[in-house]
Amino acid sequence: MSNKTFYLETFGCQMNAHDSEKVVGTLLEKGYSQVAEPEDAELVLYNTCSIRDKAEQKVFNRLQQFKRAGKGKIFGVLGCVAQQEGEKIFDRAPHVSLVCGSASYTRFGEMLVQLEAGSRRVTGLSLDTDETFDTPFTRRDNPHRAYITIIEGCDKKCAYCVVPFTRGPERSRTGESVMAEARRLADQGYTEIQLLGQNVNSFRDPSPAAWDFATLLARVSEIPGMRRVRYTTSHPRDFVKAIMDAMDANPVLCDHVHLPVQSGSSRVLAAMDRLYTRDEYMRRIEWIKGAKRKYSITTDIIVGFPGETERDFEETLALLDEIQYDSLFSFKYSPRPNTAALAMEDQIPEEEKQRRLVIVQEKQRAIQIRRNAELIGTTEEVMVEGRHQALGQWIGRTSSNRTLNFTHPDTGGASLVGQYLPVRVTRSGPNSLVGESVGAP
Ligand code: SAH
Ligand code: SF4
Ligand code: F3S
């Protein structure tokens, strides 16, 4: 390669976003520079997501656009679609030269050398690994809030889910390496960190210290300079009481629990192989609601899983009424390769899935309108994340993970981003709050 420029577009979850920060760091360290447009890059990379069919199609659409314009460029497909489709990608998109899944990023530097030497079918597809991908070169996008991977892969086998096939078996980092990274970030001025994994609750330090997730949370939140610690995602089965106790003990651990339920019907949960019943899930919700602090609770819902009856669906709606989530992500079930649900009978027609999705979203919208309105008049501490120039507002995030946009006296051009400020809530909508800052913290 001659000018060593790259373009990288990232799809999917925070794990992918953070993997991209590591990949970018590796590329910069190897003398590459990043450009904002694929047209200007010699190496064009897509870090892909395969969680639903729509996500998977995105990368092929992108590659299609470049079929002709991409002459002379080198294309690489990274991430979950790369792992899932493997070398088939070379047949489907012959202009692709690199196919690499997340379990092979430890070898990313070597793969670049192969590409530079002219290889046009470079692959990293082995899932047979106990490695985790940590690099001293990680290039973080945000100067105040940082991701840290604590566990990679997933050992659950939810019947709808492609992740165990795209990210391989669970591998935890050592507690000490996570602590060292968190301390280094605090020294660099980061005040918020988010611990990442597909199932953070099953974190288990492989060193003799053998910390579990609750211990790790407690330790990380004690690091001087840390103001907010979040984590994602939790599997309800592994969400033990000790996690709630750790959170209650230290307010640095944010007032938010994301606990994906998927369905309110124990019958569907069993078919999904989620390993908990509705009652077991409710017990966890009771721990959270009975805790010392008030936590916001959010979830993920899948509608139209094979065999989901009207009655099952109504149980999901009743669960939303009962729990009153602060927010949720809802999805139509999407059949995925290799998964158990693919071959299940009673697949639900697309129109019916769409109908159920709309009902869930409308119900939840009404719940959020009501819940957010209850916050009017309260004062919340926000971390300032940005500025809405046109609206004359600053963008803030509360510990409970709500967006709270606010007005503030003229700063004379100075940025408030990264600061923590008390803000009084004056208005509310379904998805965000509006307020005004009320003096120095
Ligand atoms: N590890 C997390 C989930 C990661 S995927 C957990 O166990 O909760 C994020 C969300 O995508 C899931 O919670 C689920 O709601 C949704 N999802 C996963 N596979 C899906 C599929 N095949 N169709 C529709 N939604 C899916
Ligand atoms: Fe997928 Fe289930 Fe693993 Fe979450 S826990 S990543 S839904 S298999
Ligand atoms: Fe998508 Fe892979 Fe994340 S499938 S949601 S990018 S783990």
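How far apart are Asp245 and Lys241 in helix H9? I looked this up first. They are 4 residues apart in helix H9 (residues 241-249), which puts about one helical turn between them. Helices here are DSSP runs of H or I with at least four residues, strands are runs of E with at least two, and both are numbered from the N terminus.

**Ground rules.** I am reading a predicted model, where local features need pLDDT of at least 70, side-chain atom pairs count only at pLDDT 80 or more, and totals for chains, interfaces and linings use all residues. Residues are numbered from 1 along each chain as its sequence is written, chains are lettered from A and ligands numbered from 1 in the order written, and side-chain values use heavy atoms, without hydrogens and water.

**Salt bridges.** I counted a salt bridge when a side-chain nitrogen of Lys or Arg lies within 4 Å of a carboxyl oxygen of Asp or Glu. The structure holds 33 of them.

I returned to Asp245 and Lys241. Their side chains form a salt bridge at 3.0 Å, N to O. I then checked exposure (buried is under 20% relative accessible area, exposed over 50%, partly exposed in between; 1.4 Å probe, protein chains only). Asp245 is partly exposed at 40%, and Lys241 is partly exposed at 37%.

Next I took Arg371 and Asp326, which meet at 2.8 Å, N to O. Arg371 sits in helix H13 (residues 350-373) and Asp326 in the loop between helix H12 (310-323) and E14, so this pair ties together parts 45 residues apart in sequence. Arg371 is partly exposed at 22%. Asp326 is buried at 8%.

I also noted a network of salt bridges that links Glu308, Glu310, Glu352, Arg355 and Arg356.

**Ligand 1.** Which residues come nearest to ligand 1? Of the 15 around it, they are Tyr160, Gln198, Gln262, Asp300 and Ser334. Here a residue is near if one of its heavy atoms lies within 4 Å.

I then looked for polar contacts (N or O pairs within 3.5 Å; within protein, one atom must be able to donate a hydrogen and the other to accept it, and residues adjacent in sequence count only if both atoms are side-chain atoms). A backbone N or O atom of Gln198 is 2.7 Å from a nitrogen atom of ligand 1. A polar side-chain atom of Gln262 is 2.7 Å from an oxygen atom of ligand 1. A side-chain N or O atom of Arg274 lies 3.3 Å from an oxygen atom of ligand 1.
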